[in-house]
Every structure is written in C-alpha cells, then in structure tokens.
Amino acid sequence: MIPATFDYQAAESVDHALDLLAGDGDAKLLAGGHSLIPALKLRLARPSLVVDIGRLRDLAYVRDNGTKIAIGALTRHKALRDDGLLQEHCPIVSTTAGMIGDPQVRHRGTIGGSLAHGDPASDLPAVMLALGAELVIRGGGGERVVPASQFFTGVFQTAVGPREMLTEIRVPKLAGSTGWAFLKFNRRAQDWATVAVAALVHRDNGGVAGASIALANMGATPLRATAAEDALAGGALPAAAADHMADGTEPPSDLAASAEFRAHLARVVGRRAIEEALSR
Ligand code: FAD
C-alpha cells in the first residue's frame, strides 16, 4: 500500500519538534518508523505532517541518575540491549530489548516509539509497568512526569497528547535482593508476544517480601497481575500464585490465540517467570 499524502519536516531539536507539532494538530512524530511506517502504508494513520525526530542524537542516551537510570526516548532497542549500566543495574530492560523483533527492528526501533505507540502486545510497556518507571513528557507548557501506571490509557493510546513528546524514561536501579524475569510466548521467533510476563520479586530473609508483575497482551493496556502479586507476598508458592495471573484481565481473542488460551498461557508463563525471578 502507498501512504496518503503528507508533508515531511526533520526536527533539529526537541523545541523545534514541539514547534512543528504546535503548528499542526494532525502531525505525527516519526522515530524509528517501525510502527508508524506500516500504519501509514495501511492508511491506519493519515497525518497531514510527519515530524522526523530520528536525528535528535541528544535524545539517545542511558545515564546514571543516582537512584535511577535515565533513558533518552530516542535510544534504540539494540543500544538498550548492549548498555553496561542497564545490564548492571536494571538488566530486565536490556534483556527484554534484546528479545524485540529481529536485528533490523532492534537497530531502528526506539524505546520512546515503543512506549508512545501504546501497543498492549509490545514488550517494553509491560516491563516499564512492572518497574514503576517514570515517563517524562514535554509540551508547549513545559515538562510533566507520568508514572507508567498512568501512561497507558487504551489500545494504541497513551498520556502523550497530540502536541507533546515523550523525552525520557526513568527506571529504578534494582537491589541485589530483587529477582527478575521477562518471558514471552510467541508462535514464531520474531513475533509480538501472544502473552508476556515481566516479573520482579523482592526477597527478604529467605522469603518473598513483595512482587511486581505485569502482563503484555492480556487487555487493552499492559496490566499488573495484582492478585498473583498479593498471593506471592502472602506466602503462596509460585504455582499457586500463578493460578491468579489472569484474574481481572480481559484478554483479546485473535488469530494467535483465544482469550481462554491467553489466560492459560498467562498462568503457565507467569509461573515460569516467578520461578526464574526467584532463581536470580
Ligand atoms: P515509530 O514507528 O517511529 O513511532 C510509533 C508511534 O509512536 C507513532 O505514533 C509516533 O508518532 C509515536 N512516537 C514515536 N516516538 C515518540 C516520542 N518520543 N514521543 C511521542 N510519540 C512518539 N515490538 C515489541 O515490543 N516486540 C516485538 O517482538 C516486536 N517485533 C516487531 C517486529 C517487526 C517486524 C516490526 C516492524 C516491529 C516490531 N516491534 C516489536 C515494534 C518495534 O519495537 C517498534 O520499533 C516500536 O513499537 C516503535 O518504535 P519506533 O521508534 O519504530 O516508533
């Protein structure tokens, strides 16, 4: 398919990009293009203006920010995967980035694009939700910081407004007592997750003090598996806690899986994720 006609502008800075967005209520940012370009070609997106932010190198970074790690929105999946700071302090991010798509996708796709796209089947949104990440959004009126729990608002919908831009993502440094795992089930190696589970388990005196578990593709947004978290914190074994993994979810039915099969997968993949997290 050929996209509908649009104007194109390459932004030279974040301010320039915001100015361009402010001047056209129907504009769209282009980062890695791995979600936007297919949407343009299928005419699912028909912006009047495409603002290319792919050259804003000063938004591609991973920095030590004290207790947190700050990640620029234009950081590509491959750079996340290879980053030593993330590998040391928040390895669930680098490991997950290495599981996205194929090398071509990882060389082009950005963390900002992946989060702002708001696809509930994507991997990094679930990881950000489990981590309790903070997302920095800039607009004409300045900057605001939104917790991941309030960022994803619906299928392909986020807290980023039409004249705003996601600029930075802040993730916590994980304590040595926190085990982690990201597991996804897909039918072909490079597919999006049929279901994925991001699990963080906080250990204390040989037991489990708490857990933070998020699910991909089990509803309109990434979801916390709160019933399973509560069960684990209450002393349940992984298998018993994982029985609650799909509680309160509304998984979709599509060609990859029915809603019932997704609920089953969440329980199976969830148990494995908890066990893997406890083994780290
Ligand atoms: P773009 O396509 O450029 O933009 C996506 C959307 O986000 C657009 O609406 C754009 O306007 C908006 N946007 C981009 N950046 C910003 C910003 N900074 N602020 C505000 N809005 C912004 N993803 C997975 O999670 N797991 C997979 O296994 C996976 N497999 C894939 C396989 C293939 C073959 C392809 C093509 C993609 C796959 N993806 C997968 C998606 C991939 O991770 C995309 O790169 C990502 O979803 C979008 O990032 P992008 O930088 O390409 O964004």
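Guide: We take the ligand shell, then the domains.

This is a predicted model, where local features need pLDDT of at least 70, side-chain atom pairs count only at pLDDT 80 or more, and totals for chains, interfaces and linings use all residues. Residues are numbered from 1 along each chain as its sequence is written, and side-chain values use heavy atoms, with hydrogens and water left out.

Visitor: Which residues come nearest to the ligand?

Guide: A residue is near a molecule if one of its heavy atoms lies within 4 Å of it. Here 29 residues are around the ligand, and Leu29, Ala31, Gly33, Leu36 and Thr110 come nearest.

Visitor: Which elements supply the shell around the ligand?

Guide: Helices (H or I, at least four residues) and strands (E, at least two) are DSSP runs, numbered from the N terminus. Strands S2 (27–30) and S10 (165–172) and helix H7 (111–117) each give at least two residues. H7 has the largest share, 4 residues.

Visitor: How is the chain divided into domains?

Guide: Bounds come from an automatic or database domain assignment. The chain has domain 1 (7–52), domain 2 (57–172) and domain 3 (179–279). The C-alpha centres of domain 1 and domain 2 are 19 Å apart.

Visitor: How much area do domain 1 and domain 2 bury between them?

Guide: Buried area is the accessible area (1.4 Å probe) that two parts lose on being put together, summed over both. For this pair it is about 1,200 Å², 66% of it on carbon and sulfur atoms.
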